[in-house]
Amino acid sequence: MPEPLIPEPSKKQEMPRVPWSMPDVFAIIGLVIVFGVVIFTVFGAVAGVVYYTIAGSDPENMFVDSPLVNSLMWFVQWVVTLGVAFTYMKIRGYHLSLNILGFRRTRLWTAIWLTIVVRILAGIAEAIYSNYVTPEQTSVTDMFGMSVASYILTMILVAVLTPIVEEMFFRGIIHQGLEQRLGFFPGAIISSFVFALAHIDPTLYVPIFILGFGFAYLMHKTKSLWPGIAGHFLVNALAVTLQFLDPGGG
């Protein structure tokens, strides 16, 4: 019986070429940082004033107390990240399509077993790391609350939309541009390093780097973003569910 397909390249096919280059990748990263700092500063100031006016509480608490502010923050970071990248490429005259960004056909069962293997190996590495360092991460329950509606909202934002946006940016744009110039291993090292730094918390850099490298490997082997998105969904969905089941992390 022929192997089922979910988006697929021919066997032994090289990674499809993308129109942007390595200098473009670093230019995009730099612009995202600059615009991100400016826009989030403005967003924080405006949100703080509105929050203080409506809630009458210290604006420093708004990211803990307001699911609405946190939801807007997630959307703003996505708009800034992809908006800056796409605008830059449009100005440069690069043709973009879902196929070029990595939404390509790939073999279903190959993608499944590779995703499982990558997730298991990354999980083992994370478990070993956690024996020496205890990552300190803000609980999503602090950001969005503990209700059923909060769980559904968090799953949509963190487990469904975030994997799509992050895989599109870090693997579809950053990694593809680097691998095309440097080859897989150096490209994966750099893109995973950028992916880890984007998560801010130093105690999370190592496990996030490992996951990023695993997702880059999935992109390299399957020539598609779909396996990485699926793996990213599994990681985030499990983390969200565990935090709602055990908010104290005990």
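I began with contacts along the chain: of those between residues at least 6 apart in sequence, 81% join residues at least 24 apart. I note at the outset that this is a predicted model. I then listed the secondary structure and found ten helices and two strands in the protein chain, arranged along the sequence as β-α-α-α-α-β-α-α-α-α-α-α. For burial, I recorded that 42% of the 250 residues in the chain are buried.

**Entry: helix 5 against helix 9**

I looked up how helix 5 (residues 108-130) lies relative to helix 9 (residues 205-222), and found that their axes come within 9 Å and cross at roughly 165 degrees. Since an angle over 145 degrees counts as roughly antiparallel, helix 5 is roughly antiparallel to helix 9. The crossing of helix 5 past helix 9 is right-handed. On the helix 5 side I listed A111, L114, T115, V118, R119, A122, A125, E126 and Y129 as making the contact, and on the helix 9 side V206, P207, I210, L211, G214, Y217, L218, K221 and T222. Sorted by class, this contact of helix 5 with helix 9 comprises twelve nonpolar, three polar and three charged residues.

I also checked the length of helix 5, whose 23 residues reach 32 Å from the first C-alpha to the last, close to the 33 Å expected at 1.5 Å a residue. The buried residues I noted in helix 5 are A111, L114, T115, V118, A122, E126 and Y129.

**Entry: helix 9 and what covers it**

For helix 9 I made the corresponding length check: its 18 residues should span 26 Å at 1.5 Å a residue, and the end C-alpha atoms are 26 Å apart, so the two values agree. I found P207, I208, L211, G212, G214, F215, A216, L218, M219 and T222 buried in this helix. Which elements cover the buried residues of helix 9? I listed strand 2 (106-107), helix 5, helix 7, helix 8 (184-197) and helix 10 among them.

**Entry: K223**

Just after helix 9, I came to K223, which takes a positive phi of about 60 degrees although K223 is not a glycine. I marked this because most residues other than glycine have a negative phi. K223 is found in the loop between helix 9 and helix 10 (226-245). Is K223 buried or exposed? With a relative accessibility of 12%, K223 counts as buried, since the cut-off for buried is under 20%.

**Entry: S150**

Last, I looked up S150, which lies in helix 7 (residues 148-182). Its relative accessibility is 10%, so S150 counts as buried. Setting aside neighbours within four places in sequence, I found S150 in contact with F144, G145 and F244.

Note on methods:
Residues numbered from 1 in each chain as written. Predicted model: local features only at pLDDT ≥ 70, side-chain atom pairs only at ≥ 80, totals over all residues. Heavy atoms only, no water. Axes fitted to C-alpha atoms, helices over the stretch in contact; angles between N-to-C directions. Helix = DSSP H or I, 4+ residues; strand = E, 2+ residues; numbered from the N terminus. Parallel < 35°, antiparallel > 145°, perpendicular 65-115°, else oblique. Left-handed = near helix turned anticlockwise from the far one by under 90°. Contact = heavy atoms within 4.5 Å. Nonpolar A, V, L, I, M, F, W, Y, C, P; charged D, E, K, R; others polar. Expected span 1.5 Å × (residues − 1). Buried < 20%, exposed > 50% of the residue type's maximum accessible area, 1.4 Å probe, protein only.
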